[in-house]
Amino acid sequence: MTVQTQTDQDIKKYAQLTNEPEWFTKMRYEAQQEVADLALPNFQKIKYHSWPINVTRKLSIGDHELNNEDLATIQANVVQVGSKIIQHELPAEFEEKGVIVCDWQTALQQHPELIKKYFMTEATKPTENRLNAEHVAHLTSGLLIYVPKNVVLKQPLTSYFFQDARVPQDYVHHLLLIADSGSELSYLENTGTIGTKAGPANIIEEVIAEPDSHIKFVSVDRLGENTTAYLNRRGYLKRNARIDWSMGMMNDCNIVGDFDSELVGEGSHAEVKVVAISTGDQVQGIDTRVTNYGKHSLGNILQHGVILARSSLIFNGIGHIVHGARGAEAQQESRVLMLSTKARGDANPILLIDDNDVVAGHAASVGRVDEQKMYYLMSRGLDKKTAERLVIRGFLGPVLSALPSKEVRQILADMIERKLVNGQQDE
């Protein structure tokens, strides 16, 4: 099937249908003009350039719905299918304290000052690479979250974002989360796929932590097996700001995860925890970077992954302390557990140190299930698959136990169990 490439006329038509502001439409034009001349981003040992990952289809307004039965099973403040918000029920304190949570078109119309100030201006750039430029040119779905100065939210914000693959279409989604000075927010995000049609997903999420703010960002990603995905999460941390990242990569598709935290402010702090499971013929490449620019900034990376059947999992952990970041600290640990002789795993630690008076360290390992542990469990009457799942739970335990809440730990534990059971059936 031939897919028609988007033209400037397609952008103009979409802008008219959605009443899009002229300044944002201009950004689309400029990004599209750069696409052909830009290269795909490179990540060590992640070979994805031949994947059908590029976004090419024309902009369109989909008729996205969920039936009432499916919606009733989802407990979330915000549910978005494709570009359409189908549930928006915020805690009372959000409205009382002036918190903004709205879809992308509403954000462009009602909060242009926030979009102009933060959208791909600090954490990343529209023409940083080809995937970024395609993202801007084809963006149709998204959410804006803004927490005002000194607002401390006691209740978490929960969202569900669904790629609608019931018809062939590209999924291009943007999250812009801004915590203003002195604010605090706990955010739980779920991504998933409805339908089985093949197509790319291009997701960029910018998390801006202004001075003295604190964000707890938890995600459970479950994109479908016929998707080819680029998932880019960027944190931009200013003075004494902190982001606690907790990411569960439970996808069934081939995916590149690009997770960066820019510690630009003195005393800024990022904790990055990633759990990943790859099954079937799936490839997951996860590139996690923390860059220390600010003095006395702190960045920790903890990644544990499991691979089954014929799948692949690549962990890149990069800690970069730039010149001038005296007193900074960068630590990382990446470990991969292999349950199949046909699987492929890599854990690549990289430290780039450009200053003195800093602390940095790394640990990395790729190994198979401990046969003695398996023998012990099976001698107690457990079958092999059940014993394997217990060993895996123990392997992932250090990451799960470090997650911010009991509820989040249970959500991820349930997803891990589902993924493992399905993965063992593929072997």
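In which strand does Val256 lie? The model is a predicted one, and in it Val256 belongs to strand E12, which covers residues 254-263. With a relative accessible area of 0%, Val256 is buried. Beyond its neighbours within four places in sequence, Val256 is in contact with Phe43, Ile46, Tyr48, Trp51, Ala229, Tyr230, Leu231 and Gly285. Met27 stands 229 residues from Val256 along the chain, and the C-alpha atoms of the two are separated by 25 Å.

Trp51 is placed in the loop between helix H2 (22-35) and helix H3 (68-72). Although it belongs to a loop, Trp51 has a relative accessibility of 13% and therefore counts as buried, the limit being under 20%. Residues up to four places away in sequence aside, Trp51 touches Thr228, Asn254, Ile255, Val256 and Val283. Between Trp51 and Leu237 there are 186 residues of sequence separation and 32 Å in space, taken from C-alpha to C-alpha.

On one side, strand E4 (residues 141-147) pairs with E6 in the parallel sense over seven bridges, and Val147 stands opposite Ala179. E6 also pairs with strand E8 (residues 199-209), again in the parallel sense, over nine bridges. The bridge partners in E8 include Ala201 for Tyr171 and Ile204 for His174.

Why can E6 be described as largely enclosed by the rest of the structure? Nine of the nine residues of the strand, which runs over residues 171-179, are buried, and E6 is so enclosed for that reason. Both of its faces are covered. Tyr171, His173, Leu175, Leu177 and Ala179 are buried on one side, while Val172, His174, Leu176 and Ile178 are buried on the other.

In soluble globular proteins, nonpolar side chains tend to be buried together. Here the largest nonpolar core has 50 residues, of which Ile145, Leu177, Leu185 and Tyr187 touch the most other members. Leu185 touches Phe94, Ile145, Val147, Leu153, Leu157, Leu177, His214, Ile215 and Lys216, if residues up to four places away in sequence are not counted. Apart from this core lies another, of 27 residues, among them Met250, Val369, Met374 and Leu420.

There is also an open sheet of ten strands, arranged in the order E2-E1-E5-E7-E9-E11-E13-E15-E17-E19 with mixed pairing. Strand E2 (84-88) and strand E19 (359-368) stand at its edges with a single partner strand each, so one side of each has no neighbour in the sheet. Direction ignored, neighbouring strands of this sheet are turned by 10 degrees against each other on average. Strand E11 (residues 242-249) and strand E13 (residues 269-278) run parallel and are joined by eight bridges; Ile243 has Ala270 in E13 as its bridge partner. Helix H9 (residues 384-400) packs on this sheet, touching E13, strand E15 (298-307) and strand E17 (329-338), and its direction makes about 165 degrees with that of E15.

The overall form can now be considered. The protein has ten helices and 19 strands, and its C-alpha trace spans about 70 × 55 × 45 Å along the principal axes. For 427 residues, a compact globule would have a radius of gyration near 22 Å, and the 21 Å of the protein agrees with this. Buried residues account for 58% of the 427. Of the contacts between residues at least 6 apart in sequence, 82% join residues at least 24 apart. The accessible surface comes to about 17,700 Å², with 47% of it belonging to carbon and sulfur atoms.

Key: Residues numbered from 1 in each chain as written. Predicted model: local features only at pLDDT ≥ 70, side-chain atom pairs only at ≥ 80, totals over all residues. Heavy atoms only, no water. Core = buried A, V, L, I, M, F, W, Y, C linked by side-chain atoms within 4.5 Å. Buried < 20%, exposed > 50% of the residue type's maximum accessible area, 1.4 Å probe, protein only. Contact = heavy atoms within 4.5 Å. Helix = DSSP H or I, 4+ residues; strand = E, 2+ residues; numbered from the N terminus. Pairing = 2+ DSSP bridges. Axes fitted to C-alpha atoms, helices over the stretch in contact; angles between N-to-C directions. Rg over C-alpha atoms; globule rule 2.2 N^0.38 Å. Areas by Shrake-Rupley, 256 points an atom, 1.4 Å probe, with all protein chains shown as cover.
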